[in-house]
Amino acid sequence: MTARENDCDVFIASAAIGLDHRGKGGPMADALMLQIRETAVERCRGLGKQEVLLWGKIHSKNLPSQAMVKRAEFEPLEAPGLNSYEMWGVRFTVE
């Protein structure tokens, strides 16, 4: 999955959950991912874009983050690179 010419290409540089909320079933992480998605839609709608490619990089050993993005319907975009990071992403239509 790569960005297409008319996509609104949104890269998540960083997303984190406080230590006191980690490992407690994911509600805080899921709320964070929903907020990121809603913000991306708002921005892309303002740019007149119809499709969003929302993506980020996750270390191949960071299984909790991988579980979080899987729940948000992300999928791996490619195999880990030399630095052990994988690109994960999701494409969706702005409604």
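User: Which residue's side chain meets that of arginine 71 in a salt bridge?
Analyst: This is a predicted model, and a search of the whole structure finds two salt bridges. In one of them the N to O distance is 2.7 Å, inside the 4 Å cut-off for such a pair. The partner of arginine 71 is aspartate 30.

User: Which parts of the chain does the pair of arginine 71 and aspartate 30 tie together, and how many residues apart are they in sequence?
Analyst: Arginine 71 belongs to helix H2 (residues 63–71). Aspartate 30 belongs to helix H1 (residues 27–46). The pair therefore links H2 and H1, at parts of the chain that are 41 residues apart.

User: What is the relative accessible area of arginine 71, and what is that of aspartate 30?
Analyst: Arginine 71 counts as partly exposed, at 44%. Aspartate 30 also falls in the partly exposed class, which spans the values between 20% and 50%. The value for arginine 71 is 44%, and for aspartate 30 it is 32%.

User: Which residue forms a salt bridge with aspartate 7, and at what N to O distance?
Analyst: Side chains of opposite charge can pair when their charged atoms come close. For aspartate 7, the partner is arginine 91, and the N to O distance is 2.2 Å.

User: Why does the pair of aspartate 7 and arginine 91 tie together parts that are apart in sequence?
Analyst: Aspartate 7 is in strand S1 (residues 7–12), whereas arginine 91 is in strand S4 (residues 85–93).

User: Is aspartate 7 buried or exposed?
Analyst: The relative accessible area of aspartate 7 is 8%. Residues under 20% are classed as buried. Aspartate 7 is therefore buried.

User: What is the strand order of the open sheet, and which strands are at its edges?
Analyst: The sheet has four strands with mixed pairing, in the order S1-S2-S4-S3. Two of these strands pair on one side only. The edge strands are S1 and strand S3 (75–76).

User: How many bridges join S2 to S4, and how many pair S1 with S2?
Analyst: S1 and S2 run in the parallel sense, with valine 10 opposite leucine 54 of S2. S2 and S4 run antiparallel, and there leucine 54 stands opposite valine 90 of S4. The count for S2 with S4 is nine bridges, and for S1 with S2 it is six.

User: What is the separation of the C-alpha atoms of glutamate 51 and aspartate 7?
Analyst: Glutamate 51 lies in strand S2 and is partly exposed at 23% relative accessible area. Among the residues it touches are Asp7, Arg91 and Phe92. Although glutamate 51 and aspartate 7 are 44 residues apart along the chain, their C-alpha atoms are separated by 5.0 Å.

User: Which element gives the most residues to the largest nonpolar core?
Analyst: The largest nonpolar core has 20 residues. S1, H1, strand S2 (51–59), H2 and S4 each give two or more residues to this core. With six residues, the element that gives the most is H1.

User: Which residues does methionine 33 contact, leaving aside neighbours within four places in sequence?
Analyst: Methionine 33 is listed with Ile12, Val69 and Phe74 among the residues that have the most contacts inside the largest nonpolar core. Its contacts beyond four places in sequence are Ile12, Met68, Val69, Ala72 and Phe74.

User: What is the relative accessible area of valine 52?
Analyst: Valine 52 is in strand S2, and the residues it touches include Cys8, Val10, Ala40, Cys44 and Val90. It is also one of the residues with the most contacts inside the largest nonpolar core. Valine 52 is buried, and its relative accessible area is 0%.

User: What is the phi of glutamate 73?
Analyst: Glutamate 73 is placed in the loop between H2 and S3. It is exposed, with 58% relative accessible area. Although glutamate 73 is not a glycine, its phi is positive, at about 70°.

User: Over the ring of which residue does the charged end of arginine 37 sit?
Analyst: The charged end of arginine 37 is 3.8 Å from the centre of the ring. The ring is that of phenylalanine 92.

Terms used: Residues are numbered from 1 along each chain as its sequence is written. This is a predicted model: local features need pLDDT of at least 70, side-chain atom pairs count only at pLDDT 80 or more; totals for chains, interfaces and linings use all residues. Side-chain values use heavy atoms; hydrogens and water are left out. A charge sits over a ring if NZ of Lys or CZ of Arg is within 6 Å of the ring centre and within 35 degrees of the ring normal. Buried means under 20% relative accessible area, exposed over 50%, partly exposed in between (1.4 Å probe, protein chains only). A nonpolar core is a set of buried Ala, Val, Leu, Ile, Met, Phe, Trp, Tyr and Cys residues joined through side-chain atoms within 4.5 Å. Contact means heavy atoms within 4.5 Å. Two strands pair if DSSP finds at least two bridges between them.
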